[in-house]
Amino acid sequence: MRTEAQAVVIGGGVIGCSILYHLTKLGWSDVVLLERDELTSGSTWHAAANIHGLHDSTNISRIQHYTMTLYNALEEETGQSCGVFQPGSLYLAQTEEREHQLKLQAAKAKLYGMNFYEISIDEAKKLNPLVNYDGIRCVMYEPDGGNVDPSGVTNAYAVGARQRGAEIHRFTPVTATEQQDDGSWLVKTPKGDIRTKWVVNAAGLWGREVAALAGVELPLQPTEHQYFVTETMTDVAEHGSRLPSVSDRDGEYYLRQEGQGLLVGAYEKDMKFWAEEGTPLDFAHDLFPDDLERIEENMMNAIERLPAVGDAGIKRVINGPMIWSPDSNVLMGPVPELEGYFCCNGIIPGFSQSGGMGLMAAQWIIEGETQYDMFAWDMARFDTWATKAFTKARVQDQYAHRFAIHFPNEERSAGRPARTRPIYELQSEMGAVFGLNAGWEHPLWFADQPGTKDTNGFTRQNWWAPVGEECKMLRDRAGIIDISNFAKYRCKGPGAADWLNAVFANNMPKTVGRSCLTPLISKRGGIAGDFTVTRTAEDEFWVIGSGMAERYHKRFFKEVPLPEGTSFVSMTEAMCGFNVAGPKSREMLQQLTNTSLATEDFPFMRSAMIEVAGIEVLALRVSFTGDLGWELHCKSEDQLRLYSALLQAGQPFTAGPVGSRALMSLRVEKGYGSWSREYSPEYWPQEVGLDRLCKLDKDFLNKSAAVSVLENAAREQLVLLHLDEADVSASNADATGGEPIFKNGEGIGRVTSGAYGYSVGMSLALGYVKNAGPGDVVDVMVLGRPHKATILSEPPFDADGAVLRG
């Protein structure tokens with residue numbers, strides 16, 4: 001066994017072997033995989049191993065599509081059979097909402113060149129005559145869908161990795177992972193120790209235990225999961241060709257051919273946790289006792305849809321463990337607080353994602369960044385606030401609603417509240433309907449009655465009209481927006497200016513009281529973040545960024561060493577904030593402070609420490625609404641007092657609280673981008689209009705990558721679109737993000753954010769397009785159907801910035 005390696009992968013399931021294979025494929029041959037038992041032990045060996053390409057997330061769809069097309073090539077490369085069956089998959093819609101979801105996925109498939117399209121009921125009957133199609137609204141067909149052999153795929157990855165120089169050691173448990181003074185790791189086993197730059201935790205059911213060896217606590221929880229295989233069925237055996245699988249998610253089961261029978265699996269409401277206190281170390285190729293009564297309702301749904309199932313005997317039942325994250329997505333990426341420790345844990349659809357997941361992991365480790373924006377999978381989306389209780393509650397909800405539609409703007413209540421601010425109770429009494437952002441409860445909108453909950457769907461919901469009133473109130477008078485969930489940092493010390501200039505692409509303010517906007521550049525030259533930086537003293541700066549990306553951004557900040565005597569500290573918990581905006585905001589705030597807020601005394605992009613209602617606040621003359629306004633940041637212990645004073649001061653102006661849904665609408669009216677939507681590592685500065693903020697006459701983090709991409713023409717451009725009112729009214733739906741954009745039948749881009757602009761009377765969308773510009777008429781696929789839209793030359797609200805700067 002090697003004593004040194006470029007990377008050590010812990011875990012010999014399908015994901016660990018895929019990561020090993022892709023590391024070698026990208027050029028690393030000095031890599032080792034350690035497996036405590038036999039390859040496929042844990043949850044890999046008993047997986048149903050279905051494969052499908054489409055997902056609600058575009059980038060996850062790309063990854064699944066890559067995986068599906070990899071298996072045949074992997075067989076040819078390695079000579080190891082992957083047991084690939086691709087008779088296709090049928091996706092059934094029983095409800096209007098499911099039809100919307102499937103048609104939107106079909107539109108995305110067309111945009112990205114994937115094989116997924118609608119077929120008629122008659123065509124579906126020919127493909128799978130066992131299905132009862134009564135009540136089915138539409139059927140989508142994925143010709144490449146099917147299943148693989150779990151053991152075959154895992155061993156094919158292993159063979160491919162070995163062929164390129166990797167070592168695999170079975171029956172070699174890891175007993176310790178110890179970081180050394182030089183940042184490398186010592187991975188200890190009974191057979192010897194290995195020193196490595198990268199530890200890769202792909203330990204599956206034992207991901208928590210392996211992470212704990214390095215002092216990392218992962219929010220993961222295993223459950224039981226069952227499927228059964230029928231005995232030989234005459235209708236299956238005599239069909240003449242392999243039947244396509246059936247995805248009837250409204251019926252909450254999955255079904256495919258297995259041998260001459262059928263495999264039927266379910267995610268039941270009466271789910272069952274397992275190994276809450278830790279996965280047993282002696283667990284390997286084990287199963288739990290059958291418990292089919294728990295999935296009886298799902299079985300009956302399957303029998304109603306495929307009556308032949310009800311007449312078939314059961315050949316065997318598989319009841320085995322799966323391990324889940326709080327949102328059922330993988331926990332992937334380098335641990336932000338550690339050097340050289342990579343996680344890839346909590347994978348559910350492993351055989352649909354294994355290839356793409358292995359590729360993304362290898363790119364991240366070797367190249368420093370993935371080719372796609374994978375924040376949806378980034379382990380940094382969770383932090384210590386994701387406790388065991390939160391994780392358990394969310395996993396229960398995810399399992400029981402595995403096949404439920406994830407609607408745009410949907411907020412699930414399980415495990416909440418996790419973190420609250422001092423004004424939470426007051427906001428609740430005021431009718432706030434809350435969302436979750438980095439663990440924090442924050443108001444989405446304010447209802448007339450406390451306790452009101454969101455309705456969910458692809459069309460306009462119960463919050464649509466109240467949000468409109470909030471927008472109009474702010475645009476006509478003033479509004480108070482809780483922005484406490486923004487990430488806030490203080491950089492202080494003699495090297496503060498130099499350090500911030502070395503991190504961010506823009507020049508930092510040289511004068512106290514000045515602010516600037518700046519991008520953070522990613523490894524490949526894209527936009528890793530956007531920040532507002534304010535100089536509050538000669539040796540002190542205030543930095544504001546995306547709240548949900550705070551842990552993600554730690555990785556970038558730590559790449560530039562802090563000068564001696566200089567600190568960079570998160571103030572997100574210690575400080576709260578409000579944005580008071582609208583044409584009456586100056587008049588309203590002036591009642592509470594002796595500081596002049598007149599434009600000549602307090603112009604746009606300026607700041608000052610002032611007193612508001614006797615409370616010391618950092619006041620910034622900025623507003624994400626695009627309107628006249630100030631951000632007011634105070635200590636958390638002063639939040640309730642400041643909020644109460646602002647609400648009282650707003651009463652004479654009929655001004656009041658405004659939620660984040662309204663903020664979304666207001667910023668889209670102004671054409672402002674938002675991180676993780678318009679701004680991401682996938683997009684170059686010149687594509688998002690931030691190239692002017694990249695100062696190439698100084699050094700900054702990843703400058704060489706920025707210089708490289710800025711030498712190229714933009715691949716596509718961020719634009720603002722106005723959707724045709726007749727089409728929007730007919731569907732009662734606005735764009736929300738992810739909808740493909742077509743021009744003359746050709747895919748040219750996709751929506752990143754969408755909202756109704758209440759104050760301008762327009763349904764709007766931000767998105768990226770190529771080969772199109774202002775005035776062009778395009779089709780935006782809202783609900784998967786074309787909606788005419790015009791690309792605007794300027795934002796419909798305050799295009800010249802006169803209101804913002806007034």
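Predicted model: local features only at pLDDT ≥ 70, side-chain atom pairs only at ≥ 80, totals over all residues.

Is D378 buried or exposed? D378 is buried, with a relative accessible area of 2%. Here, buried means under 20% relative accessible area, exposed means over 50%, and partly exposed lies in between, using a 1.4 Å probe and protein chains only.

Residues are numbered from 1 along each chain as its sequence is written, and side-chain values use heavy atoms, with hydrogens and water left out.

Let me stay with D378 and turn to its partner. D378 forms a salt bridge with R555, and the closest N and O atoms are 2.7 Å apart. D378 lies in the loop between α10 (350-367) and α11 (388-400), whereas R555 belongs to helix α15 (residues 550-557), so the pair ties together parts that are 177 residues apart in sequence. Helices are DSSP runs of H or I with at least four residues, strands are runs of E with at least two, and both are numbered from the N terminus. R555 also counts as buried, at 10% relative accessibility.

In general, side chains of opposite charge can pair when their charged atoms come close. By the definition used here, a salt bridge is a side-chain nitrogen of Lys or Arg within 4 Å of a carboxyl oxygen of Asp or Glu. How many salt bridges does the structure hold? The total is 46.

One network of salt bridges links E224, E268, K272, D291 and R294. Within this group, D291 and R294 form a salt bridge whose closest N and O atoms are 2.5 Å apart. D291 is partly exposed, at 24% relative accessible area, while R294 is buried, at 10%.

A further salt bridge joins the side chains of R641 and D638, at 3.6 Å from N to O. In this pair, R641 is partly exposed at 48% relative accessibility, and D638 is buried at 16%.

Finally, I turn to the cysteines. A disulfide is defined as a pair of cysteine sulfur atoms within 2.5 Å, and by this rule the count is zero. C17 takes part in no disulfide, as the nearest cysteine sulfur, that of C82, is 12 Å away. C17 is buried, with 0% relative accessibility, and C471 is likewise buried at 0%.
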